[in-house]
Amino acid sequence: MAPRASQRFGQASQSQANGRRTQAATQKGYGGRRRAREATEEPEDEQEQQDPEEDDEDGEEGQGEGVSAEDKMIADLVRLALFTEYKHTPLRRDDINKKVLVNNTRSFRTVFAGAEKILKDTFGMELVPLQTAGHRDRLVLEEVADGEDTGVVKKKITAAGPRSWILRNCLPEPIIRAAAERDPLVAEAEEDDWALLSDDPLRPEHAPGTALAWQSADDVGLQGLMFVILSLVLVNGRSMPDPQLRSYLKKLGVHSTIPIVTASNKNITLDAFLSSLTKLGYLDRIRTHLPGLGTQAPATQAAGRGRRARGSDDVEEGDISYEWRWGPRAEAEVGEKRTAGFIADVYLKRREEVQEIEDSEEEEEEQPARKGRGRGKNDEVAERRREKQAKKEKERKEMERILKEVERAAGGNLSA
Amino acid sequence: MARYSDVHRLFLQSLISRRFLSIKLAEKLYDRACEIVAAAEGTEPSRQPFEAALGQVGDALGPIGLEIRKLQDEGTKVIMMAIVNTKGDAIAQVATEFSPNEIAYFKLIVEVIMLAPSESFSVSSIAAIKESTNLPSKMTKTEAESTLNAFVSRGWLIKSQRGRYSLSTRSLMELQTYLKTEFVDEVLECSLCMEIVTKGIACPSARCKTRMHKHCYETYRAQGHKVCPSDCGASWNDIQPIPVGEDAVTERQDRGRARRRVEQEETMEAEAEEYDEPMEASQELEEEEEEPEASASPPPVQRKSRQQKVSQRSNASRYYDDEAEED
């Protein structure tokens with residue numbers, strides 16, 4: 001039944017496709033059929049023309065019985081969101097209009113809400129709006145202007161509505177954390193799997209064994225470098241002039257002139273890396289006037305498009321220079337609070353690791369001795385527990401201190 | 001049925017983050033998801049069986065146009081699974097990691113593999129690289145080679161020891177619908193498990209249509225069967241079944257022109273000569289025709305316009321047509 005019905009829609013829309021845009025009726029609440037007839041759109045027509053058999057598939061999928069046009073659009077939006085995320089590009093409003101809604105742009109709200117629900121219920125994911133560059137500029141200016149009239153700014157933003165989103169895991173934090181931890185059984189099974197597949201230069205030597213294989217999508221080393229850059233920018237008051245960033249990176253052994261070697265053994269220059277981060281939305285490159293002239297109306301530059309990020313030598317062009325800020329994706333995906341946590345982790349982890357090595361050495365020494373003594377064991381255990389607790393408490397305080405300092409260095413309240 | 005919970009969500013996420021994996025690994029991931037959620041919620045893990053959970057996740061994906069597919073690998077015999085896009089629409093085009101030109105190339109490779117003579121379902125590396133000259137926007141030899149390598153390393157193609165490319169299990173799963181609709185005459189189905197066969201055996205009697213995966217054949221023989229399961233009833237003890245897949249062509253042929261199935265070799269020899277040339281001519285033609293269309297936005301595995309395909313196929317698969325007429 002269903003396939004036939006949808007085929008009919010296909011034909012109807014084919015014959016009417018041209019020049020029907022004008023009269024596309026998009027009121028809500030139609031029955032599925034009527035709606036589909038009035039509102040099917042070109043990309044779909046293409047699909048119908050190309051793959052008439054495809055319809056039978058739909059039927060088999062059990063999508064059949066009376067699937068309304070709205071449900072179809074919702075399903076399409078869900079898939080679009082998943083696929084764009086796979087490519088690491090944001091989901092754009094324009095793409096939603098073009099590929100999902102077409103003539104039904106007015107049903108955006110309903111379709112979007114429906115897709116959000118499915119993403120949340122089925123996948124445990126949520127769509128997070130990316131802030132426009134304009135909004136973030138205002139944020140910076142706002143801080144300068146002592147945070148007055150925030151209400152006005154907010155109003156403006158909601159009026160326009162976000163233009164793009166990314167997909168983010170919204171399972172409870174402890175689950176996400178655990179899902180990023182290694183499990184030996186998973187690692188073992190994964191390595192068995194890898195043995196069956198063709199060699200992939202992008203594949204690391206050992207399976208990570210995490211529930212979520214996030215490593216497969218990214219070069220872990222480059223990701224680490226990205227976190228370092230984001231951290232530097234954050235603690236520099238949320239923006240950093242280009243030469244300063246480069247000099248910091250140089251101290252870490254990342255030179256503008258020496259290419260970075262990726263996991264897949266490709267060489268990329270720092271410039272190429274920075275512009276790829278810009279393209280992905282992790283960083284923004286802002287054109288500024290020379291420090292002496294102040295930062296009136298910083299114009300966002302669409303870096304990566306057209307112009308390439310330059311080498312350190314020619315960054316300054318007359319009285320123009322560049323500074324780096326967080327891109328919209330960094331805000332939505334990484335978050336300032338988590339970055340502060342990352343900074344604190346790096347500081348504390350190293351200390352902890354040193355401590356652990358010392359502890360384990362001690363334990364090894366004590367092991368044989370302990371076996372001999374039966375009595376003193378309880379005392380010892382209690383003492384150890386106390387020590388551990390004291391250590392934890394100290395760590396917690398240390399962590400808080402670092403977080404506070406990061407916040408101060410960033411220049412105010414960290415966003416989630 | 002258990003309530004759809006964070007266990008299912010995490011399990012699904014871990015499947016999506018891998019896209020293509022063995023059932024065995026999937027089962028481990030399910031165990032892990034149960035463990036993680038139980039620990040996070042501080043509850044005793046109430047576990048439903050793996051298959052039931054997988055089914056439940058699959059049911060949730062269905063309405064979105066996604067499907068969990070399983071398929072036994074023809075080489076390793078391991079059962080693999082993937083989350084597959086069941087619709088070949090514009091949205092699916094977004095899902096690929098390759099550039100439009102690379103996708104167009106992949107499509108050409110899939111075509112030569114499917115149309116390969118002698119049911120070899122494979123193409124020599126030389127022929128595969130040569131195929132890149134049919135692309136609307138040219139690739140150098142080196143580019144073609146590295147693109148092919150990427151297809152292999154990303155799991156879309158398999159390169160055998162002797163250097164022939166064939167479709168991977170991942171491709172067979174993800175392109176199943178496409179292959180079955182686009183290559184209706186070429187796709188062979190296993191007489192036992194009904195899945196597509198690209199590496200296996202064929203019944204030696206000329207008109208019999210029985211085809212089997214290697215692993216299905218082994219199981220079948222192990223069960224003590226000696227004759228073809230179809231009406232033909234040929235004894236497989238007297239004559240060995242003919243290979244399907246790259247074993248159907250000799251290594252010598254990798255370098256030279258394509259040849260026919262062994263027992264038909266003589267009658268087909270003349271035609272084999274004919275085969276190479278007209279095909280190239282028609283491909284050159286196509287190249288010109290395809291240019292505008294492909295430069296616009298070639299979908300991942302976009303079908304060629306009908307007449308182009310027919311023109312090519314009339315040359316490439318005359319052999320199969322002949323066979324069909326005989327039947």
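1. Let's start with a helix in chain B. Helix H6 of chain B covers residues 141-153, which makes 13 residues, and it reaches 18 Å from its first C-alpha to its last, close to the 18 Å expected at 1.5 Å a residue. The expected span is 1.5 Å times one less than the number of residues in the helix. Helices here are DSSP runs of H or I with at least four residues, strands are runs of E with at least two, and both are numbered from the N terminus.

2. Before going further, a word on the source: this is a predicted model, in which local features need pLDDT of at least 70, side-chain atom pairs count only at pLDDT 80 or more, and totals for chains, interfaces and linings use all residues. Residues are numbered from 1 along each chain as its sequence is written, and chains are lettered from A and ligands numbered from 1 in the order in which they are written.

3. An α-helix has 3.6 residues a turn, so residues three or four places apart point the same way.

4. Contact here means C-beta atoms, placed from the backbone, within 7 Å. After H6(B) comes B:Gly155, with a positive phi near 90 degrees.

5. Helix H11 of chain A (residues 184-196) has 13 residues and reaches 19 Å from its first C-alpha to its last, close to the 18 Å expected at 1.5 Å a residue. Its buried residues are A:Val186, A:Ala189, A:Glu190 and A:Asp193. They cover an arc of only 100 degrees around the axis, which puts them on the same side of H11(A). A:Pro184 and A:Ala195 are exposed, on the face turned away from that buried side.

6. What do the buried residues of H11(A) pack against? Their partners are in chain B: strand S1 (20-22) and helix H2 (23-41).

7. Chain A also has an open sheet of three strands, in the order S1-S3-S2, with antiparallel pairing. Strand S1 (91-92) and strand S2 (125-129) of chain A are the edge strands, each pairing on one side only. Two strands count as paired if DSSP finds at least two bridges between them. S1(A) is joined to strand S3 (residues 164-169) of chain A by two bridges, and A:Arg92 stands opposite A:Ser164 in S3(A). Five bridges join S2(A) to S3(A), with A:Trp165 in S3(A) as the bridge partner of A:Pro129.

8. Now the interior. A nonpolar core is a set of buried Ala, Val, Leu, Ile, Met, Phe, Trp, Tyr and Cys residues joined through C-beta atoms within 7 Å. The largest has 104 residues, and those touching the most other members are A:Leu77, A:Ala81, B:Leu10, B:Phe11, B:Ala33, B:Ile109 and B:Ile113. Not counting residues up to four places away in sequence, A:Leu77 touches A:Ile96, A:Val100, A:Val111, A:Phe112 and A:Ala115. A second, separate core of 21 residues includes A:Leu274, A:Leu277, A:Leu283 and A:Trp326.

9. Chain B has 13 helices and 11 strands, and 43% of its 327 residues are buried.

10. Finally, confidence: pLDDT is the predictor's confidence in each residue, from 0 to 100. Chain A has a mean pLDDT of 71, with 63% of its residues at 70 or more. Its residues 1-65 have pLDDT below 50, and this stretch has 76 contacts in the model beyond near neighbours in sequence. Chain B has a mean pLDDT of 76, with 74% of its residues at 70 or more. Over residues 257-327 of chain B the pLDDT is below 50. Where pLDDT is low, the predicted coordinates should not be read in detail. The model scores ipTM 0.70 and pTM 0.68.

Technical notes: Buried ≥ 20, exposed ≤ 12 C-beta atoms within 10 Å, placed from the backbone. Contact = placed C-beta atoms within 7 Å. Arc of directions from axis to C-beta.
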